[in-house]
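Student: I have a new structure to read. Can we go through its labels one by one?

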Amino acid sequence: MQAWINFLTTDYGILSLLSIAAMLCGLGYFLYYVSKHVKEDTERHDKLLREAGKL
């Protein structure tokens, strides 16, 4: 319990918490960005295959 108190009340604990939160936000954005572009590329590829008569 003392570890949580130190983590949430000291300056280095709060800075660590902010660093962890920033890292998780960055990871979330990266996953969103990659999945968005994978979906767009897949749709573009399927469209090209349909136009070529291969699907």
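This is a predicted model: local features need pLDDT of at least 70, side-chain atom pairs count only at pLDDT 80 or more; totals for chains, interfaces and linings use all residues.

Student: How many aromatic pairs does a search of the whole structure find?

Tutor: The search finds three aromatic pairs.

Student: What makes the pair of W4 and F7 edge-to-face?

Tutor: Their ring centres lie 5.9 Å apart, and the pairing limit is within 6.5 Å. Their planes stand at 80 degrees. Edge-to-face needs over 60, so the pair is edge-to-face.

Student: Where do W4 and F7 sit?

Tutor: Both are in helix α1, residues 2–9. They are three residues apart, so about one helical turn separates them.

Student: Why is W4 called exposed?

Tutor: W4 has 54% relative accessibility. Exposed means over 50%, so W4 counts as exposed.

Student: And why is F7 called partly exposed?

Tutor: F7 has 24% relative accessibility. Buried is under 20% and exposed is over 50%. F7 therefore counts as partly exposed.

Student: Why is the pair of Y29 and Y32 called tilted?

Tutor: The centres are 6.3 Å apart, with 45 degrees between the planes. Stacked needs under 30 degrees and edge-to-face over 60, so the rest count as tilted. Y29 and Y32 also belong to one aromatic cluster with Y33.

Student: Which helix holds Y29 and Y32?

Tutor: Both lie in helix α2, residues 11–52, three residues apart. Residues three or four places apart in an α-helix point the same way, because there are 3.6 residues a turn.

Student: How does the reach of α2 compare with the expected span?

Tutor: α2 has 42 residues and reaches 61 Å from its first C-alpha to its last. That is close to the expected 62 Å.

Conventions. Residues are numbered from 1 along each chain as its sequence is written. Side-chain values use heavy atoms; hydrogens and water are left out. Rings of Phe, Tyr and Trp (its six-membered ring) pair if their centres lie within 6.5 Å; planes under 30 degrees apart count as stacked, over 60 as edge-to-face and the rest as tilted. Helices (H or I, at least four residues) and strands (E, at least two) are DSSP runs, numbered from the N terminus. Buried means under 20% relative accessible area, exposed over 50%, partly exposed in between (1.4 Å probe, protein chains only). The expected span of a helix is 1.5 Å times one less than its number of residues.
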